[in-house]
Amino acid sequence: MILLADGGSTKVDWRVVENGKEIKQVFTKGANPFFRTREDISEELKAALYPEIKEFTFNSVHFFGAGCANPEKNDVVRKAIADHIQTSEIEVDTDMLGAARGLCGHEKGIACIIGTGSNSCYYDGNRMVENVSPLGYILGDEGSGAVLGRLFVGSLLKNQLTKGLKEQFLQEYGLTPADIIEKVYRQPLVNRFLAGFAPFIRKNIVDKSVENIVYHSFIDFYKRNAMQYDFNQNIIHFTGSVAYHFQDILRRAGEDLGLKIGKIDPSPMEGLIRFYEVY
């Protein structure tokens, strides 16, 4: 029996798995070690996770999460898990590796995440071999919810979109242009604020001015990220909320560039369960 975790900054999706079959699912708050301490994460697991899984005995725990990019940060999560779960193996690694294993399994390929942020890698069937730095929503994160929101709001406030969209948007979100400037330049968690406009973008995707923003941002993602790997010999797979909800445009943008597009899944978890079914 194993415990799998797909961890973001907002929430962690835990799955109890036995012989390749899911037994139980539990959600806890995000466990990004760049923002939370070992003690903080441990208290969260004690309150929200352990009571739900205390009846199980695990052979191993595999945690893939945002912020788990170096041994020091990984130890923060590993020790917090070890506070409450006795097992012979605790694997902690990046959400990108989790996505790659979930999308590609034991086959090589190009794996991509497009959610609030974006990331990608070339994967050899077990490990990440190459990784183009995502650089965040200011310098990179092409195609992500944060960048789509940034591009959309910028065009909106400069009156570059279809007439009437600006008034509709400001009324729906209860914002003024001054509010947006305040939140973008003076308040924290700007990436989440901007990514929060993705539902409005999706709802108005039939508007050509909106569709163009999404399409060209995905083109940028391919050119600046996925196409830096051996894309002629590999299939490109995706996971993440933005990739999933805008998959028609994402797939079309890739095919317009002559790329081979494979899976577009909302979460890597089902694939991760298959990857570890031998445990």
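**Close-up 1. Cysteines without a disulfide partner.** The structure holds zero disulfides, a disulfide being a pair of cysteine sulfur atoms within 2.5 Å. C112 is in no disulfide, and the nearest cysteine sulfur to it, that of C121, is 7.7 Å away. C121 is likewise in no disulfide, its nearest cysteine sulfur being that of C104, 7.1 Å away. This is a predicted model, in which local features need pLDDT of at least 70 and side-chain atom pairs count only at pLDDT 80 or more, while totals for chains, interfaces and linings use all residues. Residues are numbered from 1 along each chain as its sequence is written, and side-chain values use heavy atoms, with hydrogens and water left out.

Close-up 2. C112 counts as buried, because its relative accessibility is 0%; buried means under 20% relative accessible area, exposed over 50%, and partly exposed in between, with a 1.4 Å probe and protein chains only. C121 is buried, with a relative accessible area of 0%.

**Close-up 3. Helix α5 against helix α10.** The axes of α5 (residues 145-157) and α10 (residues 208-224) come within 10 Å and cross at roughly 140°, the axes being lines fitted to C-alpha atoms over the stretch in contact, with angles running from 0 to 180 degrees between N-to-C directions. The two helices are therefore oblique to each other, since angles under 35 degrees count as roughly parallel, over 145 as roughly antiparallel, 65 to 115 as roughly perpendicular and the rest as oblique.

**Close-up 4. Residues where α5 meets α10.** V147, L148, L151, F152 and S155 in α5 meet V210, I213, V214 and S217 in α10, contact meaning heavy atoms within 4.5 Å.

Note on methods:
Helix = DSSP H or I, 4+ residues; strand = E, 2+ residues; numbered from the N terminus.
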